[in-house]
Amino acid sequence: MNYLSVEAVSKAYGAKKLFDKISFGLNQGQRIALIAKNGAGKSTLLKIITGKEIADEGSVTFRKDITVTYLNQNPVFNEEDTVVEAIYKTTNPALNAVREYEFALEAFEKEMNDQSSDRLERATEKMNDLDAWQMEAKVQEVLQRLKIKFLDKQIGVLSGGQKKRVALAKVLIDEPQLLILDEPTNHLDVEMIEWLENYLINKDLTLLLVTHDRYFLDSVCTEIVEIDNNKLYNYKGNFQYYIEKKAEREAMESSEIDKAKNLYTRELEWVRKMPRARGTKAKYRVDQFEVVKDKAFSGKKDEKLELAVKMNRIGGKILEVTNIKKAFGDTKIINGFSYVFKKGEKIGVVGKNGAGKSTFLNMIMELEKPDAGTISTGETIVYGYYSQEGMKLNEDKRVIEVVKDIAEFIPLADGSKLSASALLTKFLFPPDVQYGFVSKLSGGERRRLFLMTILIQNPNFLILDEPTNDLDIVTLSVLEDFLTNFQGCVLIVTHDRYFMDKLVDHLFVFEGNGVVRDFPGNYTEYRDRKEQEDKVKPAEQEAYVEKKTEVRTEPADVKATEPAKRKASFKEKFEFEQLEKEIAALEAEKAILSEKINGLSDHEEITKCSQRISQIIAELDEKGLRWLELSELI
């Protein structure tokens, strides 16, 4: 069943053409990822599809009887609405019934009079009529998983990350048949991303999404559509399949263009002779020459981002953190953490949102002070700090002026120097973009420009706070290669698990209540270890806790920590069988409660049943994930 048809759509801004007569369709159940370089038109295409922008030509058609919801990369709300008002602003009848029930219940608990009681009774009847109790449980689950506890706050006082989470919660709760998502993982911590992956996989949804998160893309999507050189290419497979087939396609196109160029050279020589008497065959050959010419010059120069800036010399002392403590009120962020940084280390910083990761980076940069302890930086250290808060580019300046304000000529790693314009070209900013205004850049292009302004100051200690947001996959790959070969220190906060796994030697894990754990390995290895720790006996758990508080002073051998492949033990097989029984029992209990709740009128009983359904859903998620893990072993 076809849900969406995009037919011969074109879009250009002035002389810059984004895509030309592209067409594709989306059928029920398909999960498609849209990939392109920054500035190639991914977000613009989504806006055209959702009616937020108008195409220069072509048409977009949705099936009439389906519901469609769109998550904008930069969500727009009424700033005066509260979070709860924004979430419940919908045409979904069941969700409207849940909203009225929640408000009626709140009013009854406050006032306890006949008027509020009548209102609650009417709301309860409406919930029963629409069978909306499962929707109420779903609302609570989504809000809990995305950690949206600020329901009474106005949208206008929220941070950009909080707004994105509210927008994501809203589109998930709306239960559309077709869900269009633009960078859904931005501003989510890793735990939220892993939950969102599982949620989307297990829902009967049709998806079209833009994401740079390659693990997320591989888990959720089964097809990839790429915008490249103004055209559209389809790949029916995961990210690895896309990489292989894209390379094959480009090699084939390059070979065809080379053949056309050779033929063009021979034909050009014939055309220049300008034979006077041309018969039908000669006329045909002249016409064919124009076809060959078009093919010969159809290849676009493969421009690649180049990161090769010079690094300042780094001395013996780099950075020493000694027994630092930091708290906000009763909330402990760091409680007695010490570490001596070594040359060339690449460290990932992980933890839930609000655990203190960015605060830790700000203390290193002396933007915040620790409550106790010392942070001592070596004399030769030059920091390069990439953070969302620091990305304040002057909208009214031209791109080249932003760079020239730092330096007219920039030294490179090989000892040569480049002008600001030449270096911008290496960072994939062509001359027409260089002399355009910053305000005209896409979100990804702005981040690339901001990254450039940091690197051209020749840092030897890079501190990167969420560097992957809005960057395209091509740029991410180049950045990964640059950081892999970077001789200085790198400290990275990112929710991009692929990016972190590829780069870091070890992790600083912010576990809450002031505990910072130094783990010798990447994120996937940490997750494997944590799952093992969660299963051990209490006495063994205490031994782990004692061990993890010790600070490593020498780089660990990462390879030694890689988990060995193994078969399921007898205990795990028994656990697997028990899980199947427990999941079946929970599903049965959920079905009974859902049926029971439809016949209830006592709001207290309804609330109890609804809360239990929420608990069951959470338990099913947890046990389902464990069942999948064990099923792979068995």
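## Salt bridges in a predicted model

Arg497 is buried, with a relative accessible area of 6%; buried here means under 20%, exposed means over 50% and partly exposed lies in between, using a 1.4 Å probe and protein chains only. This is a predicted model, in which local features need pLDDT of at least 70 and side-chain atom pairs count only at pLDDT 80 or more, while totals for chains, interfaces and linings use all residues. Residues are numbered from 1 along each chain as its sequence is written, and side-chain values use heavy atoms, with hydrogens and water left out.

What does Arg497 pair with? Its side chain meets that of Glu197 in a salt bridge, that is, a side-chain nitrogen of Lys or Arg within 4 Å of a carboxyl oxygen of Asp or Glu. The two residues sit 300 residues apart, Glu197 in helix α7 (residues 190-201) and Arg497 in helix α17 (residues 497-503); helices are DSSP runs (H or I, at least four residues) numbered from the N terminus. Glu197 is buried too, at 10% relative accessibility.

A search of the whole structure finds 26 salt bridges. Here are some of the pairs, with their N to O distances:

| Pair | Distance |
|---|---|
| Glu197 and Arg497 | 2.4 Å |
| Asp65 and Arg63 | 2.8 Å |
| Arg517 and Glu511 | 3.5 Å |

Now for the surroundings of the other two pairs. Asp65 is exposed at 53% relative accessibility, whereas Arg63 is partly exposed at 33%.
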